[in-house]
Amino acid sequence: MITIAAQLQELLVILLVVVLSLIGAVGFGAVALLLRAILPGVADLADASLARLDTRRLLLSGILPLVGAALLGSAAEGAGNEVFAGAVAILVFLPLALALVVGAMGAIPHLGGQVLRSGVEASPLARASAGGLVTGLAMVSWLLPPLGVLVTVLLAGWWVGIGLGGVAGRSPKTPAEA
Amino acid sequence: MDRTDRTPADPPWEALEALAAGELPPEDEKRLREQLAVEPGWQQAWREVSNVESLLRAEPLLALPLSFVRDAMAAVVPLEREKPWRVFARVAAAVLVFCASWFAFSGQTPALADAGPRPELVVEMPELAPPVTVKFARSEETTTNILRAGGGLLLVVAGVVLARRWNRAAVGGTA
């Protein structure tokens, strides 16, 4: 009797974790949607970057800085110099993290539009939720760590590529706009 | 039909492969197709050869990484539009980035590894009384960190420059 109760308890815990993970994944999409509503200009930059370049270029321009940042972080850790570590954090990690967020603002609704039957005609909430859900479910790949690393690097590289393209690729303002 | 123990009456495999790849001259192609129509054994061989060719053409697992590498190379080194010295500079820069990344990941260079103990950086200050000599020992770990930092910085800059260049080119601005 005790064994059955313990098994039921384990099953309930697993179900709770699954439900919370799904809610968290949908909530991740909602965060992206919230940021899009608060920062519409940045969202437009991300959308424009996503529309301009094909996926291969986005991935290449996103994964290169990520690998570089990992190397810099490793060097800073090995050097044990707080000034160097702080400079790397402020000059490299922070901009890349911001690019990641900007990329996610454009990529998550885009992903939702790709997977929903109604596509880009679906409501922004539906697209963001579907995109967040797909992204969260993709993290199941961490059950096989090498696959998880690959999926995460591709995802982060895609987002960073979109974010960098949106911010660094802005066309210069004309005198009339300035 | 074993391709290893063939006789003169067997199908001309090389010619059939060239036909499937579209590499035969027109007159040879016409002659081969006429023979194919009257030789039942050759028709079976032709089916095998053409199936392999069509599989290679339709195989996305092969085609996708190859096209990725080709497009990346074309974006970094657009050979047909650049002057030779710029192509050389770009290739040299690409090799430099690759070597820096390789050394950074591996943690050492062969030349440094064979050089034995690291040279000391000696700073003498004779103007002080008494004269002071400070010796900084450059450890192997320091060299590794410098290589990692340099390689990492190069990769970060390369990614930002590529993103900026491609986006500017896409909107028609200055690349």
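A residue is called buried if 20 or more other C-beta atoms lie within 10 Å of its own, exposed if 12 or fewer do, and partly exposed in between, with the C-beta atoms placed from the backbone. By this rule, 15% of the 175 residues of chain B count as buried, while in chain A buried residues make up 35% of the 178 residues. This is a predicted model, in which local features need pLDDT of at least 70 and side-chain atom pairs count only at pLDDT 80 or more, whereas totals for chains, interfaces and linings use all residues. Residues are numbered from 1 along each chain as its sequence is written, and chains are lettered from A and ligands numbered from 1 in the order in which they are written.

Helices (H or I, at least four residues) and strands (E, at least two) are DSSP runs, numbered from the N terminus. Two residues are in contact if their C-beta atoms, placed from the backbone, lie within 7 Å.

Within chain A, α4(A) and α6(A) pack at an angle of about 95 degrees, with their axes 6 Å apart; axes are lines fitted to C-alpha atoms, for helices over the stretch in contact, and angles run from 0 to 180 degrees between N-to-C directions. Angles under 35 degrees count as roughly parallel, over 145 as roughly antiparallel, 65 to 115 as roughly perpendicular and the rest as oblique, and α4(A) and α6(A) are therefore roughly perpendicular to each other. Among the residues that meet are A:Leu96, A:Leu100 and A:Ala107 in α4(A), and A:Ala156, A:Trp159 and A:Ile162 in α6(A). By class, this contact of α4(A) with α6(A) has 13 nonpolar, five polar and no charged residues, where Ala, Val, Leu, Ile, Met, Phe, Trp, Tyr, Cys and Pro count as nonpolar, Asp, Glu, Lys and Arg as charged, and the others, Gly among them, as polar.

The helix α4(A) also packs against α2(A), at an angle of about 65 degrees and with the axes 8 Å apart. Residues making this contact include A:Val42, A:Asp47 and A:Leu50 of α2(A), together with A:Val102, A:Met105 and A:His110 of α4(A). They divide into eight nonpolar, four polar and one charged.

A nonpolar core is a set of buried Ala, Val, Leu, Ile, Met, Phe, Trp, Tyr and Cys residues joined through C-beta atoms within 7 Å. The largest such core has 48 residues, of which A:Leu72, A:Ala107 and A:Trp159 touch the most other members. At least two residues each come from α1 (2-38), α2 (40-52), α3 (55-79), α4 (82-115) and α6 (145-168) of chain A, and from α7 (140-171) of chain B. The helix α3(A) gives the most, with 11 residues. Leaving aside residues up to four places away in sequence, A:Trp159 touches A:Gly62, A:Leu100, A:Gly103, A:Ala104 and A:Ala107.

Where the chains touch, the contact takes 27 residues from chain A and 28 residues from chain B. On the side of chain A, α2, α3 and α6 each supply at least two residues, and the largest share, 16 residues, comes from α3(A). The residues on that side divide into 14 nonpolar, 10 polar and three charged.
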